[in-house]
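Biologist: I have a new model open on my screen. Please walk me through it, in short steps.

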Amino acid sequence: MIANIWVIFAIVASFLITYFLGKKIIPYLQKLKYGQTILKIGPSWHENKQGTPTMGGVIFVIGIYATILIIMPLYYVLVAQNTLHLQEPPLIMQKTVSGLLMALAYGAIGFLDDYVKVVRKRNLGLTAGQKLLMQFLVVGSYLLSIYCAEVLQGGLGATSTTIPFFGRVDLGVLYWPMASLLIVGMVNAVNLTDGIDGLCTSITFFGATFFMLISNFLHIFNISIVSGALVGGCLGFLIFNIYPAKVFMGDTGSLFLGGLICALAFTLDLPVMLPIIGGVYVLEMFSVILQVAYFKVTKGNRLFKMSPLHHHFEICGWSEAKICIVFNVITVVLGALAVILTAYGL
């Protein structure tokens, strides 16, 4: 109960910091003319979004990390150090710090990409090769850090993971490429989901909520606090990002959100929950992969009217609000399934 109060503090603090930062930073981005350039390849009605400030992800990045830096030390000084069952093992703490650094590094890659697009006026930003190289360097550093933490702290095994109803499963040498591909794939899937007003923010809000519930169930309370900060940050930003959006998060925000969602799952030792809770992210990513493959195989035919998947439904006549509602309902159903799997499978 005591720990849950601090999670609520984290949600409220992150929401308020993000909201008030948004009130200050968005006009500044408008003044600097850091607006989004809408490409002709997207739906034609998106052209009225031309000039909407982007790079807004910095708002919730600051809000979330400021909250964690305030709430986490207070929680440990005032509560955890005096209550044995609330004290986290050093391994969990080291994984948490590594995960936060990984998310920040992905946000930095996104910021660099946004900077090239918006400030340097190179609309395509960094090349795909440059982004992938940097992303794999980040994930390599992250996996190396948690491997070292496992070895130094005598953890459950650097190449094993927990799967509900199967317990600990040692993947051996396959763990490293599988973990790398899962993280990089999910980070880019989150990035692809950021295509209409409020979609990525709201999906991540619910995803973080379910990771918060799972971490609370597992009594890993520092991840509950981090998840709570993410919940509050998404909610504070959503006020400005919901249709019609006053600001876009840019790659700064979407890559950061992808990195932090992955960090939550890996710190909980439940990476298997990523494609479940993040089912919408996965659908968006595979809609792009299938579209490209189908186009090449059929020499010019399209499987979807447009990819990622949310654009297909847009062209079918769905409003942005309807797409957000339906995709969020799917996320809630999948998130509830993940909680059930955790509750009964561990």
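This is a predicted model: local features need pLDDT of at least 70, side-chain atom pairs count only at pLDDT 80 or more; totals for chains, interfaces and linings use all residues.

Biologist: OK. How many helices and strands are in the chain?

Modeller: The chain has 12 helices and two strands. Along the sequence the pattern is α-α-α-α-β-β-α-α-α-α-α-α-α-α.

Biologist: What sits in the loop between β1 and β2?

Modeller: F165 is there, with β1 covering 160-163 and β2 covering 167-170. F165 is not a glycine, yet its phi is positive, about 75°.

Biologist: What do most residues do?

Modeller: Most residues other than glycine have a negative phi.

Biologist: Is F165 buried or exposed?

Modeller: F165 counts as exposed, because its relative accessibility is 55%. The cut-offs: buried is under 20% relative accessible area, exposed is over 50%, and partly exposed lies in between (1.4 Å probe, protein chains only).

Biologist: Which other residue has a positive phi although it is not a glycine?

Modeller: M55, at about 65°. M55 sits in the loop between α1 (2-31) and α2. M55 is buried, with a relative accessible area of 4%.

Biologist: New topic. Which peptide bond is cis, with omega near -10°?

Modeller: The one from Y243 to P244. P244 lies in the loop between α7 (221-241) and α8. The bond from S307 to P308 is also cis, with omega near 0°. P308 is in the loop between α10 (279-297) and α11 (309-315). Most peptide bonds are trans.

Biologist: Now helix packing. How do α2 and α3 cross?

Modeller: The axes of α2 (residues 57-78) and α3 (residues 90-118) come within 11 Å and cross at roughly 165°. So α2 is roughly antiparallel to α3. Angles over 145 degrees count that way, under 35 as roughly parallel, 65 to 115 as roughly perpendicular and the rest as oblique. The α2 and α3 crossing is left-handed.

Biologist: Which residues make the contact?

Modeller: From α2: V58, V61, Y65, I68 and Y76. From α3: M93, L100, A103, L104 and F111. Contact means heavy atoms within 4.5 Å. By class, that contact of α2 with α3 has 10 nonpolar residues, no polar and no charged.

Biologist: And α4 with α8, at what angle do the axes cross?

Modeller: At roughly 30°, and the axes of α4 (residues 128-153) and α8 (residues 250-267) come within 13 Å. That makes α4 roughly parallel to α8. The crossing of α4 past α8 is right-handed.

Biologist: Which residues make that contact?

Modeller: K131, Q135 and Y142 of α4 meet D251, L255, A263, F266 and T267 of α8. The α4 contact with α8 has four nonpolar, two polar and two charged residues.

Biologist: Last one. What about the chain as a whole?

Modeller: Buried residues make up 51% of its 346 residues. The chain exposes about 15,700 Å², and carbon and sulfur atoms supply 73% of that. Among contacts between residues at least 6 apart in sequence, 76% join residues at least 24 apart.

Definitions and conventions:
Residues are numbered from 1 along each chain as its sequence is written. Side-chain values use heavy atoms; hydrogens and water are left out. Axes are lines fitted to C-alpha atoms, for helices over the stretch in contact, and angles run from 0 to 180 degrees between N-to-C directions. Helices (H or I, at least four residues) and strands (E, at least two) are DSSP runs, numbered from the N terminus. A crossing is left-handed if the near helix is turned anticlockwise from the far one by less than a right angle, and right-handed if clockwise. Ala, Val, Leu, Ile, Met, Phe, Trp, Tyr, Cys and Pro count as nonpolar, Asp, Glu, Lys and Arg as charged, and the others, Gly among them, as polar. Accessible areas come from the Shrake-Rupley method with a 1.4 Å probe; for residues, only the protein chains shown count as cover.
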